[in-house]
Amino acid sequence: MCRSGLGSTDVSALVIENLFKTYRNGFEALKGISLNVERGDFFALLGPNGAGKSTAISIIASLVSKSSGNVSIYGHDIDTEKEKAKCLIGLVPQEFNFNVWEPVVDILVNQAGYYGIPRKEAFIRAEASLKQLDLWEKRNTQARQLSGGMKRRLMIARALVHRPRLLILDEPTAGVDIEIRRSMWHFLREINQQGTSIILTTHYLEEAESLCRNIAIIHHGRIIEQTNMSKLLSQLNAEIFVLNLKSSLTAPPDLPGYQVSPVDSKTLEVEVQREQSMNGLFALLSEQGIEVISMRNKQNRLEQLFIGLVDRSKRQKETS
Amino acid sequence: MNTWRIYRIAFQTIVTKEVLRFLRIWVQTILPPAITTTLYFVIFGKLIGDRIGEMDGYRYIDFIVPGLILMSVIQNSYANVVSSFFGTKLQHYIEELLIAPVPNWVILSGYVVGGVARGTLVGIVVTIVSLFFTDLKINSYALTLLVFVLTSVLFALAGFINAIYAKSFDDISIVPTFVLTPLTYLGGIFYSIQLLPEFWQKLSLANPILYMVNTFRFGILGVSDIDVTVALVIILGFIILLTTFSLRLLSRGVGIKD
C-alpha cells in the first residue's frame with residue numbers, strides 16, 4: 001500500500017522553487033514561481049483565467065512536465081522520489097476526468113488499486129469515501145447519470161480514497177449550487193482539521209476568504225502576492241458599504257470626511273477609509289435623522305484586493 | 001513502502017478493469033468475431049472450399065482454420081487496446097493513472113495483457129466454432145500456444161501505439177482498415193504463397209503477418225511456407241521493438257501529457 005514518510009515536522013507540505021513552464025507552442029505559462037505551503041495549511045492559489053494556476057497544479061501532480069525548477073511534496077522531490085511524492089497527493093481537477101460509463105464504486109476501487117490498495121480494502125475505503133460525500137446511494141450508478149454536483153463530489157471522494165496528505169482542489173465548487181457548496185466547505189474544513197494540507201484554486205473569492213489561511217496570487221505566470229489572508233485583508237485601505245435607508249431622501253446627505261454616492265432615493269454607497277470608524281459614520285447619519293435598516297459590503301473584501309493587485313500587475317507589465 | 005506490491009496491485013487493477021470492460025460489452029467484443037468466422041467457414045470453407053480441393057495436402061477448410069483463428073486474435077488484441085486506451089485519453093481518465101505511483105511499464109503491460117485476454121477469449125470461441133466444421137488435430141501444442149500468445153502481445157502493443165498517436169475516432173479506425181486488414185488478408189490465411197508468381201512471393205515475405213500465420217499453421221497442421229525459427233525470431237524482434245517504442249512514447253508523454 002502507498003505509504004510515504006512525511007519527513008520531520010518542519011518540512012513543508014509543498015515547496016516550489018523557481019518553476020518554469022513553456023509549452024511546445026512557445027507559450028510561457030509559468031515564469032519562475034516559488035511557493036511554500038506549510039503542512040496543515042489551507043492555502044488559496046488565486047489568479048485570473050490563464051494565469052498559470054492549472055499548469056502549476058498539473059506539474060505538481062505529474063500531469064504536465066515542467067521546463068525547469070524544483071517541486072517537493074513533504075520533502076520528496078517529484079523527479080527523484082516521484083512515487084513517494086505521488087503517494088502523498090490527491091487531486092481534484094477542474095474538468096471531469098473519470099470513465100462516465102463506469103459505476104461510481106468501480107471508479108474509486110480502481111483508483112485505490114493504482115495506489116497499491118488491495119481490492120478488498122479498496123471496497124472498504126470506497127464505501128467510507130462515498131458515505132462521507134453522500135454518494136453511497138449512487139454507488140452502482142454509472143457516473144454519467146450523476147448530477148453536476150454529484151460528479152464534483154465523486155472527484156473529491158476519488159482523490160481521498162488513498163488518504164493523501166496534500167489535497168489539491170482546482171475549482172472544486174464550479175457550477176454547484178450554494179447548498180452543496182456550503183456542505184463541501186464544511187467537509188473540507190473537517191479534513192483540514194484532521195491534518196490534510198489543502199491547496200484550493202477558485203474564482204469564488206468569498207470561498208477563499210472563508211476557508212483559507214494563506215494565499216498566493218498568480219498573474220501572467222508570476223506570483224504577484226504571497227501572504228496570509230488576514231495580513232492581505234488588512235491592506236484594504238477603503239471599503240464601500242451599501243446602506244439601505246428606512247425613508248427616501250430628496251438629496252444626498254452631507255457626511256463630512258466620507259465619500260457618498262446615492263444609488264437611488266433609499267440606497268446610499270459610502271466609502272469608509274481604514275482610519276475611519278463605522279461609529280463616526282452612524283453618528284453623522286443619526287444627527288441628520290437618517291435611519292439605516294440594513295448594510296452590506298459592496299464587494300467582497302478579497303475580491304476588491306484581488307482586482308487591485310491584478311490591475312497593478314497589468315499596469316506594471318504594460319509600462320515594462 | 002513496498003514498491004513491488006504496489007506495482008502488482010496496480011497491474012491487477014488495470015487488467016481486471018480491462019477484462020470487465022470487454023466482458024460488459026460482449027455483444028460488441030465477443031459475439032461479432034464468432035459470427036464472422038462462422039460465415040468464413042460456411043462460405044470459404046464449405047461452399048467454395050469443396051470446389052477448390054486440397055492445399056498443401058490438406059482440405060481447404062482445414063488449411064484456412066489456423067489463419068482464421070489467428071486473424072481473430074490479431075484483430076481483437078489490437079482493437080481492445082486501441083479503443084480502450086484511446087477512450088482513457090479522450091475522457092481524460094488517463095490522469096487517474098498518471099497521478100498515481102504507477103510506472104509506465106506497468107501501465108503498458110496492464111493494457112497489453114488486457115488485449116491478450118480478449119484475443120485469447122475470442123481465439124477460443126473461434127476455435128470452438130471451427131470444431132463444427134473440421135477435426136482439429138494439433139501438431140505441436142507448445143508452438144501453437146507460443147505463436148498464439150506472441151502474436152496477441154505484438155498486436156496489443158501495436159494497438160497501444162495507435163491509441164497514443166490517435167487524436168480522433170478516425171485515427172483508431174484508419175490503421176485497422178487500411179493497414180491491418182489488407183496485411184492480414186495478404187498474410188497467407190486463405191492461400192499458400194507457393195501459388196503466387198515469384199515476384200509476389202518475395203513481396204509477401206515483407207508482410208510480418210505471413211510469418212505468424214504460417215508458424216501458427218505449422219503448430220496446428222505441420223505445414224508452413226517459411227522457416228519457423230526465422231518466423232519466431234521476427235515476431236520476437238517486433239515485440240521488443242514495439243515495447244521499447246511504446247515505453248519511449250510514454251516516458252516522453254507523447255499524446256498524453258502537455
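In which helix of chain B is F44(B) found? Select helix α3 of chain B, residues 31–52: F44(B) is found there. Helices here are DSSP runs of H or I with at least four residues, strands are runs of E with at least two, and both are numbered from the N terminus.

Before going on, note that this is a predicted model, in which local features need pLDDT of at least 70, side-chain atom pairs count only at pLDDT 80 or more, and totals for chains, interfaces and linings use all residues. Residues are numbered from 1 along each chain as its sequence is written, while chains are lettered from A and ligands numbered from 1 in the order in which they are written.

**Stop 1: around F44(B)**

Stay on F44(B). It is partly exposed because 17 other C-beta atoms lie within 10 Å. The scale is this: 20 or more other C-beta atoms within 10 Å makes a residue buried, 12 or fewer makes it exposed, and anything in between is partly exposed, with C-beta atoms placed from the backbone. Now show G49(B), I64(B) and F190(B). F44(B) touches these residues, leaving aside those up to four places away in sequence. Contact means that the C-beta atoms, placed from the backbone, lie within 7 Å. Next, pick D56(B). It is 12 residues from F44(B) along the chain, and their C-alpha atoms are separated by 17 Å.

**Stop 2: chain B as a whole**

Zoom out to chain B. It has 11 helices and 2 strands. Along the sequence they follow the pattern α-α-α-β-β-α-α-α-α-α-α-α-α. The C-alpha atoms fill a box of roughly 60 × 35 × 35 Å along the principal axes. For 258 residues, a compact globule would have a radius of gyration near 18 Å, and the 19 Å of chain B agrees. That radius is taken over C-alpha atoms, and the globule rule is 2.2 Å times the number of residues to the power 0.38. Of the 258 residues in chain B, 44% are buried. Among contacts with a separation of 6 or more, 82% join residues 24 or more positions apart.

Now select H92(B). It sits in the loop between α4 (60–90) and α5 (94–98) of chain B. H92(B) counts as partly exposed because it has 17 C-beta neighbours inside 10 Å.

**Stop 3: where the chains touch**

Show both chains. The contact takes 30 residues from chain A and 22 residues from chain B. On the chain A side, α2 (82–87), β6 (89–92) and α3 (104–114) each give two or more residues. That side divides into 15 nonpolar, 9 polar and 6 charged residues. Nonpolar covers Ala, Val, Leu, Ile, Met, Phe, Trp, Tyr, Cys and Pro; charged covers Asp, Glu, Lys and Arg; the others, Gly among them, are polar.

**Stop 4: the sheet of chain A**

Which strands make up the open sheet of chain A? Its 6 strands have the order β6-β7-β8-β3-β9-β10, with mixed pairing. Strands pair if DSSP finds at least two bridges between them. The edge strands are β6 and β10 (222–228) of chain A, each pairing on one side only. The twist averages 15° from one strand to the next. Helix α5 of chain A, residues 148–160, packs on this sheet and touches β6 and β7 of chain A; its direction makes about 170° with that of β6(A). Such angles run from 0 to 180 degrees between N-to-C directions, with axes fitted to C-alpha atoms, for helices over the stretch in contact.

Select β7(A). Of its 5 residues, 5 are buried. L166(A), I168(A) and D170(A) point one way, while L167(A) and L169(A) point the other. In a regular strand the side chains alternate between the two faces of the sheet. β6(A) runs parallel to β7(A), joined by 4 bridges; L91(A) has I168(A) as its bridge partner. Strands β7 (166–170) and β8 (197–201) of chain A are also parallel, over 5 bridges. There, L169(A) is partnered by L200(A).

**Last stop: domains of chain A**

Colour domain 1 (14–233) and domain 2 (238–301) of chain A separately. The bounds come from an automatic or database domain assignment. Their C-alpha centres lie 41 Å apart.

Note on methods:
Two residues are in contact if their C-beta atoms, placed from the backbone, lie within 7 Å.
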